[in-house]
Amino acid sequence: MGNQMTEMLKGTLEGIVLAVLSTRPAYGYEITAELREQGFSEIAEGTVYALLVRIEQRGLADVKKVASEKGPPRKVYSLNGKGRDQLSEFWKTWNFLEEKIDSLREAAVTPPNKGEQ
């Protein structure tokens, strides 16, 4: 399941991170920890940081540097209006795909009626 999971996550990870940020502002390590708690154990911290750079560049989150007790200041990401709009589009797309995939799965596991062959 590993490689297939990795490939599927590539297309959805931005939406997943935006969903985490919709609950509260967070910095990279917090987001990674939250994802791992949710069962996304295969997500590398570096992947999340690269995605956060893209999220910031696309203007989907506001970024604030907050002093850290250990080392340099942390970048804390907060979902903004543009990010909420993007998340809303992600959920609409997700719901559409979920409906279509469920329909395909049901058709694949339900044997045809004897008269339809």
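The notes below start with how to read the model, then go through pockets and rings.

This is a predicted model, where local features need pLDDT of at least 70, side-chain atom pairs count only at pLDDT 80 or more, and totals for chains, interfaces and linings use all residues. Residues are numbered from 1 along each chain as its sequence is written, and side-chain values use heavy atoms, leaving out hydrogens and water.

**Largest pocket**
- It takes up about 600 Å³ (a pocket is an open set of points on a 1 Å grid over the protein atoms alone, where a 1.4 Å probe fits, with protein on both sides within 12 Å along at least five of seven lines; lining residues have an atom within 4 Å of a point).
- Of its 22 lining residues, Met 8, Thr 12, Ile 16, Phe 90 and Trp 94 sit nearest the centre.
- Helices H1 (2-21), H2 (28-37) and H4 (81-109) each give at least two residues to this lining (helices are DSSP runs of H or I, at least four residues, numbered from the N terminus).

**Second largest pocket**
- This pocket has a volume of about 230 Å³, with Thr 6, Lys 10, Glu 42 and Arg 54 among the residues lining it.
- H1 supplies five residues, the largest share of the lining, and helix H3 (45-57) also supplies at least two.

**Aromatic rings**
- The whole structure holds two aromatic pairs (rings of Phe, Tyr and Trp, the last by its six-membered ring, pair if their centres lie within 6.5 Å).
- Phe 90, Trp 91 and Trp 94 are joined into a cluster by ring pairs.

Notes:
Rings of Phe, Tyr and Trp (its six-membered ring) pair if their centres lie within 6.5 Å; planes under 30 degrees apart count as stacked, over 60 as edge-to-face and the rest as tilted. Grid points are joined across faces, edges and corners, and a volume is the space filled by probe spheres set on the points.
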